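I opened the notebook to record what I looked up, step by step. The entries follow the order of my reading.

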Amino acid sequence: MAKKSYRQAISEALSQEMERDPTIVIMGEDIAGGAGAEGEQDAWGGPLGVTKGLYTKFGPDRVLDTPITESGFIGAAVGAAASGLRPVAELMFVDFMGVCFDQIFNQAAKFKYMFGGKAKTPVVIRTMYGAGFRAASQHSQCLYNVFTHIPGLKVALPSNPYEAKGLLIQAIRDDDPVIFFEHKAMYDMEGEVPDETYAIPFGQANVTREGDDATIIAFGRMVNFANTVADKLSKDGITCTVVDPRTTSPLDTETILETAAETGRVVVVDEAHPRCNMATDVSALICQEAFDKLKAPIKMVTAPHAPVPFSAALEDLYIPSMDKIEAAVRSVTGKSH
Amino acid sequence: MQLSREDLLKAYRRMVMIREFEEAVHEEFSAGSIPGFVHLYAGEEASGVGVCMHLNDNDYIASTHRGHGHCLAKDCDEHAMMLEIFGKKDGLCGGKGGSMHIADLSKGMMGANGIVGGGPPLICGAALTAKTLKNGGVAVAFVGDGASNQGTVFESYNLAKVWNLPAIFVVEDNGYAEATSSRYSVAGSQVARGKAFDIPAIEVDGSDFFAVWEAAREAVERARNGGGPSLIHSRVLRYYGHFEGDAMTYRPADEVANYRANKDPLMLFRRRVTEAGLLEGSALDEIDRSVKDRIAQCVVQAKAAPEPTEADLLTDVYISY
């Protein structure tokens, strides 16, 4: 199987789906890059080159550069979805939700319910999240927990290139609004990705490691950290199950509860701030439904309750590290060095 | 394009339907039969109907929180609407939307909206769909003078122009954003705002059905022919408060009475068509009677209709789970 980057996997999913379905349009700020300028019309392909080449392939009617006007074009994507297109809009950084959230959570998320079931809003909003780029407080947040809170939205967090392609194809084919989170530190990550199209169903967690001593439930980029920690600990005789929920809404509560019950020792890893995040959500779920199976208190490894700092020294302390995950696993298993 | 006798009868019927509907809702709300927040369109009928007479089911509109009139102007079913406003299971939205979210996408009615300025970006999207699918459709955003100051509205003017969308923005200026006068809250003029984006813009007397109809004819034609967006500043009169229960102490005491006596859109329409010999008074009287009966019947049925049940609480959050 061919090795492809996370960036290529996303681009390939968009390209193959656009070939299949002429009602798919993509839009965003500099999604082609260069509209109206004298030079190249496909100069950027988004700020990190994810959509590079799609303008040349599909033309200006299907790859639409937008003004820098998030409420306007995210709202337009929602309205287009409710009237017959399947738009994929790029909200460059999820931090910019602050200037368009109304169109997502009051409009797109609620049409189906408010209109008595008679609306279909198949919009995908692709957005970059996460720390590690020295991009500071307004370009580094996670925020998937905020969208997960809203009924009517689906939220996908692909953790590697294979997941990115399959989950994006599912997001595009899904008839509900989907917020698709791409971690900016993962675009160059490589992995095996089939050339053909495939959809990974939402709400079905992926168990990436199986073990007996602890269960690590991790989200997005943190799945990779958890896998690395599990592999390292197995050499010390501590074996871990690692669960990648893939989507936070819908959430595969069944797999989470089963795998938590199997080991009775749980670590939840979430790059988001600690209040009301996925770690607290999953911990509450396990405490409510499987408390009697727990052999130790659940440990949460998260970012601190602070904005993302700019300084490399501080940002490295901010992001949940593999050392912290390892310490948490050792702590719940009672097996220190 | 001229208005045929059938068109005139249809326009009058829709305007009377809105008036009777709103008067009935006013009465029932005062009596405590209707829950929640209600914002009435009475007095503004000629504006919504004058625009929507040019539209068909493939054209979209996005409305405001004052949405009953736009819904009826877009030919949504008055019976299902009344049930919805009473919160009943068989209402237009299953009782889950109510007055502020009343919608029927099968009629191109993309919803009243609880968010002031929420509609224009959505209408850019509906217009993009029409443009992409080349189906000849147009999309109309109704906004109030209050919403006209929201950033979403300016973003939508810009986007509609940049993308040359078949979109029409109808600023229905009833003089008050809630209780604040548009003389205080709106800088510049609505027409100048449109023109700043190079969008053809015109001000009309929104109480005059024929003036609105003519302005909308031009705007819709331009949109259908690929000529891009237009703006209509429609000056209208609000007979009731911002919401039902508003004591309206910010308005001159005789303002509404003067409107009703001298500027009533139904009265102006009747005078115009009878004086010009286009329709006879008896035909209009017959519409008045039949619509009044129909609305009375809708109210009786809405009161008797079943409520949603617990089984309905969690349905229709998603299409697939």
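Predicted model: local features only at pLDDT ≥ 70, side-chain atom pairs only at ≥ 80, totals over all residues.

**Entry 1: helix α1 of chain B against α12**

On the α1(B) side I found B:Leu9, B:Tyr12, B:Arg13, B:Val16, B:Met17, B:Glu20, B:Phe21, B:Ala24 and B:Glu28. Facing them in α12(B) are B:Ala283, B:Leu284, B:Ile287, B:Asp288, B:Val291, B:Lys292, B:Ile295 and B:Val299. I sorted the residues of this contact by class and got twelve nonpolar, no polar and five charged.

Next I checked the geometry. Helix α12 covers residues 281–304 of chain B, and its axis comes within 9 Å of that of α1(B). The two axes cross at roughly 40 degrees. The helices α1(B) and α12(B) are therefore oblique to each other. I noted the crossing of α1(B) over α12(B) as right-handed.

I then turned to α11 of chain B, residues 265–275, which packs against α1, residues 5–30. The angle is about 160 degrees and the axes are 10 Å apart. That angle makes α1(B) roughly antiparallel to α11(B), since angles over 145 degrees count that way. Here α1(B) passes α11(B) in a left-handed crossing.

For the contact itself, I wrote down B:Leu8, B:Tyr12, B:Met15, B:Val16 and B:Arg19 from α1(B). From α11(B) come B:Pro265, B:Leu266, B:Phe269 and B:Val273. By class, the contact of α1(B) with α11(B) has eight nonpolar residues, no polar ones and one charged.

**Entry 2: each chain as a whole**

I counted twelve helices and 14 strands in chain A. Its radius of gyration is 20 Å, close to the 20 Å that the globule rule gives for 337 residues, so chain A is as compact as a globular protein of that length. The C-alpha atoms of chain A fill a box of roughly 65 × 45 × 40 Å along the principal axes.

For chain B I counted twelve helices and seven strands. The radius of gyration of chain B is 19 Å, close to the 20 Å from the globule rule for 321 residues, so this chain is as compact as a globular protein of that length. Its C-alpha trace spans about 60 × 50 × 40 Å along the principal axes.

**Entry 3: a sheet in chain A**

In chain A I followed an open sheet of five strands with mixed pairing, in the order β9-β11-β10-β13-β14. Strands β9 (206–209) and β14 (299–302) are at the edges with a single partner each, so one side of each is left without a neighbour in the sheet. From one strand to the next, the twist averages 25 degrees.

I looked at one pair in more detail. Strands β10 (214–218) and β13 (266–270) of chain A run parallel and are joined by four bridges. I noted that A:Ile216 has A:Val267 as its bridge partner in β13(A). Helix α8 (222–234) of chain A packs on the sheet and touches β9, β10, β11 and β13. The direction of α8 makes about 170 degrees with that of β11(A).

**Entry 4: where the chains touch**

How many residues does each chain bring to the contact? I found 36 from chain A and 38 from chain B. On the side of chain A, the elements giving two or more residues are α3 (70–82), α4 (101–108) and α5 (111–114). The largest share, ten residues, comes from α3(A). By class, that side of chain A has 15 nonpolar, 13 polar and eight charged residues.

How values were computed: Residues numbered from 1 in each chain as written. Chains lettered and ligands numbered in written order. Axes fitted to C-alpha atoms, helices over the stretch in contact; angles between N-to-C directions. Parallel < 35°, antiparallel > 145°, perpendicular 65-115°, else oblique. Left-handed = near helix turned anticlockwise from the far one by under 90°. Contact = placed C-beta atoms within 7 Å. Nonpolar A, V, L, I, M, F, W, Y, C, P; charged D, E, K, R; others polar. Pairing = 2+ DSSP bridges. Rg over C-alpha atoms; globule rule 2.2 N^0.38 Å.
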